[in-house]
Amino acid sequence: MQSVDRAVSVLEILARLGEAGVTEIADELDVHKSTAFRLLGVLENRGLVSQARDRGKYFLGAGVLRLAGAAAVRLDISQEGVGVCRELADELGETANIAVLDDTAAVNIMQARGAASVTAQNWLGRRTPLHATSSGKVLLAHLPETLREGLLARTLPRFTERTITGTAALRAELAAVVEQGYAFAREELELGLAATAAPVRAHDGKVIGAISVSGPVYRLGPDRLPELAERTAAAAADLSRRMGYGL
């Protein structure tokens, strides 16, 4: 834990000073130069710091920008999605969620409940499997092919008798998601639960999240789900515009 704390301190020092040499960092941390050098070496190997070869000083690397960018995307979609999510839930009376990719799962970062979903399950902060949820299918369908195929090559756990665990069947489902612009999940994660989701895009067109509507199958049956899918896709398009897409 001490090493982790010191590594974070190094990043904070460089953020404050702009750049610093090994001696300066060692003095700031009150450690030997060899300890500071080892910390910098680890951080440099991970791209979190870089060294100016002509001066020998260290500064924050591109890896920090990558991490900050990922955090900023999540923060921005949360902030911009509040109104869209609430409006969708109010209009449809069901639970609306916004999810983003978190490694090999979808995590719900925003939730709003409509009038009919007062006793609905709380999905906020919950990690859900990509292959068994509507938001997960949207995120999975729009991954780069190599990443998507890597995930599909893994064993897909079965949650209900309706969970799609066959690779060929799931590929066909994901192709349909891309073509039609939204995804469905009918009792694939939990019995009695149905949902639909659509992609949220950043300014560059990259899919950075999914907005979904979920509820009990007796309210979200085959006759109503297509209508909810169209409305969810419209909300996702609205949120995408707020994120700069198409401007």
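**View 1. Contacts across the whole chain.** In this predicted model, start with who touches whom: of the contacts with a separation of 6 or more, 54% join residues 24 or more positions apart. The chain is built from eight helices and eight strands. Its C-alpha trace spans about 70 × 35 × 35 Å along the principal axes. Of the 247 residues in the chain, 46% are buried.

**View 2. The surface and its charges.** As for charge, count 28 positive side chains and 30 negative ones. The centres of those two sets sit 3 Å apart.

**View 3. How confident is the prediction, and where?** Across the chain the mean pLDDT is 87, and 90% of the residues reach 70 or more. Two helices mark the ends of the range among the elements of the chain. Helix α4, residues 62-92, has the lowest mean pLDDT at 76, while helix α5, residues 134-141, has the highest at 97.

**View 4. Helix α5, tucked away.** Here we zoom in on the helix with that highest mean pLDDT. Eight of its eight residues are buried, so α5 is largely enclosed by the rest of the structure. If you'd like to pick them out one by one, look for Ser134, Ser135, Gly136, Lys137, Val138, Leu139, Leu140 and Ala141.

**View 5. A cap on α5.** Which residue caps the N-terminal end of α5? That's threonine 133. One of its side-chain oxygens lies 3.0 Å from the backbone nitrogen of glycine 136, and Gly136 is itself one of the buried residues of the helix.

View 6. Glutamate 173 belongs to helix α7, which covers residues 167-180. Is glutamate 173 buried, partly exposed or exposed? With a relative accessible area of 23%, glutamate 173 is partly exposed, because the cut-off for buried is under 20% and the one for exposed is over 50%. Lys137, on the other hand, is among the buried residues of α5. The side chains of glutamate 173 and lysine 137 make a polar contact at 2.8 Å. Along the sequence the pair is 36 residues apart, yet in space their C-alpha atoms are 8.3 Å apart.

**View 7. The other neighbours of glutamate 173.** Leaving out residues up to four places away in sequence, glutamate 173 touches Ile164 and Phe184 as well as Lys137.

How values were computed: Residues are numbered from 1 along each chain as its sequence is written. This is a predicted model: local features need pLDDT of at least 70, side-chain atom pairs count only at pLDDT 80 or more; totals for chains, interfaces and linings use all residues. Side-chain values use heavy atoms; hydrogens and water are left out. pLDDT is the predictor's confidence in each residue, from 0 to 100. Helices (H or I, at least four residues) and strands (E, at least two) are DSSP runs, numbered from the N terminus. Buried means under 20% relative accessible area, exposed over 50%, partly exposed in between (1.4 Å probe, protein chains only). A polar contact is a pair of N or O atoms within 3.5 Å; within protein, one must be able to donate a hydrogen and the other to accept it, and residues adjacent in sequence count only if both atoms are side-chain atoms. Contact means heavy atoms within 4.5 Å. Lys and Arg count as positive and Asp and Glu as negative; His and the chain ends are not counted. The place of a charge is taken as NZ of Lys, CZ of Arg, CG of Asp or CD of Glu.
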